[in-house]
Amino acid sequence: MDTNIIIGFLGGLVTGISPCILPVLPVIFFSGGLDSARRDPGAAPGEDDAPARAVSRWRPYQVILGLVISFSVFTLLGSLLLGLLGLPQDIFRWAGIAVLAAVGLGMLIPRLEEWLERPFSWIPRRQVDARKRGGFSLGLALGAVFVPCAGPVLAAITVSGATGRIGAGTLALTLSFAVGVAIPLLFFALAGRGLAERLKAFRRRQKGIRILAGVLMIALAAGLAFDLPAAVQRLIPDYTASFQEKLTPSQGSPLDLGGVATDENKDLSKCTQGSTELQDCGPAPELRGINAWLGSDPLTLKQLKGKVVLLDFWAYSCINCQRSLPHITALDKAYRDAGLQVIGVHTPEYAFERETRNVSAGIKDHGIQYPVALDNSYATWTAYRNRFWPAQYLIDAQGNVRHIQQGEGGYALTEKLVRSLLSSAQPGKELPAPVETGAAGQDGALPQNTTRETFLGVSKQVNYSGAATYRSGTSLFAYPASQAPDSFALTGSWTLESQRISVPRNAPAPGSGVRLNFHAGQVQAVLGGTGSVTVKGPDGEKTLQISGPPKSYVVHQSDTSGAGTLELRPTPGVQLYSFTFG
């Protein structure tokens, strides 16, 4: 149990600083200091308002305490309680959104706030004053709509709560996760209180602060109602990826499987995380306990024998899943006619994700055209001993699991293995061109000496060759005198981020560059932003014009695979993500 507490605390701490927490931070920041910016209206002119200040000192703690309590309770018991009461599974979420909107309107319209407090007028005023009681209530509302990033810790808590397997270990894990989340959130709430206290001398600003906080709460409520925060989060690089990777399995490591091993699923442990080769992981457990099928009649793996099947475990509000879905839908579109059957197994992370109408809306939003099975009872999730959102299980035409990918990433590798299984199932059948950058050729395998996929962001950096430390921030680099094969090096000024690198606007002349030693027939670079990139290499010199969201650009093409060197010199405004090889 001690290990679970440490893991839970670290998982919560990382969640508390991750991009998915950003939508609620402004509300937490301002709500923590609202009381401090407002003098007690019941005090007579000149009367000391020290008691009000003493009470307001606790408001940040009340907000965070309410948030973590309601989030923990809803995560553990929400589905069970709503099921027993026969209520819609998303009622807590909509109730929280309504409370946030009402609180925000009350801050803008004092008379509305008085009307909202009127039902409690029979209680002595000192007990219902908004500054003394509002913090905890606001935290409860935030907890009802608070949706952090999916991870192994949260998955364990959610599955235990949804299936009723709540013991001492689950409670300890939940409590430690909540404490971990609370620490960074409390920091923001205390920072808001500190700012408000410094502004107390400026009486003219008090009304403005209150109005701003009200507007932020209403905006958050509206954004949550239309699921806008999720769209924003998909655009933000996950700057906590390097921390998350320490809590999730690395490539080639034993799988972090959950559940109980049975005769049906015991061989799944023979797989390793993100293996570069197909493995024999035993027969695939049958799909079971499915509440409904969307986009298809009910399917069984038995009737799909002869096809290659990709099971994608996901949840529509899971940001990590949303980032992986474009890759899954691209595989479905490219290989459906070639014998690939993609099935989305939607296992809810939160109670509101059990509602069919919500899942249907998520399917439409993400352009999913393959069948989706609603696994509300976690029966299929448990049969596959899964612990992650997202997770992909690749099943061959004979019905055996051959590859497992837990978490985001590994897209080109998954496509390579899909192509290999399709070629084995239908020898001689022509396959479409690869959709992932650096994917394999028609035989589904890359030459053994081909350079491995090279990520440039600091969270997944591989193959770096240089004397300067490779870490986040802006630094000066220089090419090494001797550079290893299958590596890259930098020169000039570069800004390094979690998932990409770029040349800063004020970079000094003569310019910044990336030198790449490779062994391949084709080299592609994933580039984004706006500007140009000059490429020098075996093909001579050329300039690529870059614009729009990140996509793949061919920077070297040869009929034969061989060793070579490329240098890329981008203009400021261009972002470089990775190199892939084929």
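A search of the whole structure finds 8 salt bridges. A salt bridge here is a side-chain nitrogen of Lys or Arg within 4 Å of a carboxyl oxygen of Asp or Glu. Side chains of opposite charge can pair when their charged atoms come close. The model is predicted: local features need pLDDT of at least 70, side-chain atom pairs count only at pLDDT 80 or more, and totals for chains, interfaces and linings use all residues. Residues are numbered from 1 along each chain as its sequence is written, and side-chain values use heavy atoms, with hydrogens and water left out.

| Residue | Partner | N to O distance |
|---|---|---|
| Aspartate 267 | Lysine 270 | 3.6 Å |
| Arginine 336 | Aspartate 332 | 2.5 Å |
| Arginine 357 | Glutamate 355 | 3.1 Å |

Salt bridges with shared partners join Lys266, Asp267 and Lys270 into one network. The residues in the table can also be described by their accessibility. Buried means under 20% relative accessible area, exposed means over 50%, and partly exposed lies in between, with a 1.4 Å probe and protein chains only. Lysine 270 is exposed, at 51% relative accessibility. In the bridge between arginine 336 and aspartate 332, arginine 336 is partly exposed at 36%, whereas aspartate 332 is buried at 5%. Glutamate 355, the partner of arginine 357, has a relative accessibility of 14% and counts as buried.

The structure also holds 1 disulfide, a term that stands for a pair of cysteine sulfur atoms within 2.5 Å. Cysteine 271 and cysteine 281 form this disulfide, and their sulfur atoms are 1.6 Å apart. Another cysteine, cysteine 321, is buried at 0% relative accessibility.

Valine 458 gives a view of a further part of the chain. This residue is found in the loop between strand E7 (454-455) and strand E8 (473-477). Valine 458 counts as partly exposed, at 23% relative accessibility. Leucine 496 is 38 residues from valine 458 in sequence, and their C-alpha atoms are 6.7 Å apart in space. A contact means heavy atoms within 4.5 Å. With residues up to four places away in sequence left out, valine 458 touches Tyr470, Arg471, Ser472, Leu496, Glu497 and Ser498.

The remaining values describe the chain as a whole. The chain has 17 helices and 15 strands. Helices (H or I, at least four residues) and strands (E, at least two) are DSSP runs, numbered from the N terminus. Of the 582 residues in the chain, 52% are buried. Among contacts with a separation of 6 or more, 74% are between residues 24 or more positions apart. The chain exposes about 25,800 Å², and carbon and sulfur atoms supply 58% of this area. Accessible areas come from the Shrake-Rupley method with a 1.4 Å probe, and for residues only the protein chains shown count as cover.
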